[in-house]
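Subject: Structure handover

Hello,

Here is the structure you are taking over. My notes follow below it.

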Amino acid sequence: MDYLKDRVTIYEVAKQSGVSLATVSRVINNHDNVTPKTRAKVNETIARLGYKPSGLAQALATNKSTNIGVVIPSANYVYISNMLNGITEVAKEKGFTLSLFVTAHSRDDALRMLEKVITSHVDGAIIFDDELDEEDVAKLSSYCVPTIVINNNVQGDRVGCVVFGYEHNLIHVLENHFKDDNSKRPVFLHVHNCGRLLARTEKAFIKACNEANRDYKIMNVDDSYSRTYQDFKEYFKTHNSGYFIAYRDSIAAAILNAATDSNLRVPEDVEVVSLIGTKYANITRPTISSFAINMHEVGKRAMYMLIDLSNHALERKTYRFESTYIKRESTKE
């Protein structure tokens, strides 16, 4: 019964009271311009249905500011910044304030940040952190905090999610490469602690290579341009070709620069694809073939989903963004 009560929306209260949404909002927020008879009728319906407005829902009704907690692994990456810009745009439009919780690449730190989110008494939360799993999100949800999770397929009564589609497109790109070039060995660059997206695409890479009966290599690299550049300057002393799948544009750029500085040709000798493409993919020389998702739109979508979720009006609890492959100068196909 508690579960059923928690699902009651402000729309149901208005419908069963025979009044408008604005009238219900005025009653909830103790505005004076409601007749005693109407106020009593709405309060009776609220009590009968067990309706409990969330802090976010009340803020929407009254135009008061409310606080949204945003959990991210870092604000330094361009794609994270783009997502934050989308979140901020909607927050500004709705008059919300944002509290930013930045985690390190460790589960313990992510859990500490989650505790801070809970104790901060935020009215809603958006989580983009690979270290937090479904059980952790459920803990936040148990404190009646509506939550949208990005890059993890988690659902619940107070939880929705935004997920990314990379694997199918990566397999398709690899299949085209295998048809076009039978000599370059495919190499996937594994970056430690870079989360679910990299893990999923690595599995897709291995699957594509195995199905094509192609020899491949998984190569560990640092999430650092300078270290990767130096490592590949050494690598190209003994290797003169390769088809590399890099996690981010900066890693891809390090490989390209190391290749050209080693007198190797791009894309004739060395080809590079970046999984998370940003504006930098188009301003390097040569430009970088990459996968792209509009992270600004991801941020906006997450915020709008959170607003609907707070009102129990989110019908589509999983929203999928498919990546787009953009062929540029760093690959033949």
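Contact here means heavy atoms within 4.5 Å. Helices (H or I, at least four residues) and strands (E, at least two) are DSSP runs, numbered from the N terminus. The model is predicted: local features need pLDDT of at least 70, side-chain atom pairs count only at pLDDT 80 or more, and totals for chains, interfaces and linings use all residues. Residues are numbered from 1 along each chain as its sequence is written, and side-chain values use heavy atoms, with hydrogens and water left out.

Sheet

Six strands form an open sheet with mixed pairing, in the order β7-β6-β8-β9-β10-β12; two strands pair if DSSP finds at least two bridges between them. At the edges are β7 (217-221) and β12 (324-326), each pairing on one side only. Strands β8 (residues 242-248) and β9 (residues 270-276) are parallel and share six bridges. Opposite Tyr243 is Glu271 in β9.

Helices

Angles run from 0 to 180 degrees between N-to-C directions, with axes fitted to C-alpha atoms, for helices over the stretch in contact. Helix α11 (residues 225-235) lies across β6, β7 and β8, at about 135 degrees to β7.

Cores

A nonpolar core is a set of buried (under 20% relative accessible area, 1.4 Å probe, protein chains only) Ala, Val, Leu, Ile, Met, Phe, Trp, Tyr and Cys residues joined through side-chain atoms within 4.5 Å. The largest has 76 residues, and Phe164, Leu189, Phe232, Phe236 and Phe244 touch the most other members. A separate core of 19 residues includes Val137 and Cys161.

Regards

Key: Buried means under 20% relative accessible area, exposed over 50%, partly exposed in between (1.4 Å probe, protein chains only).
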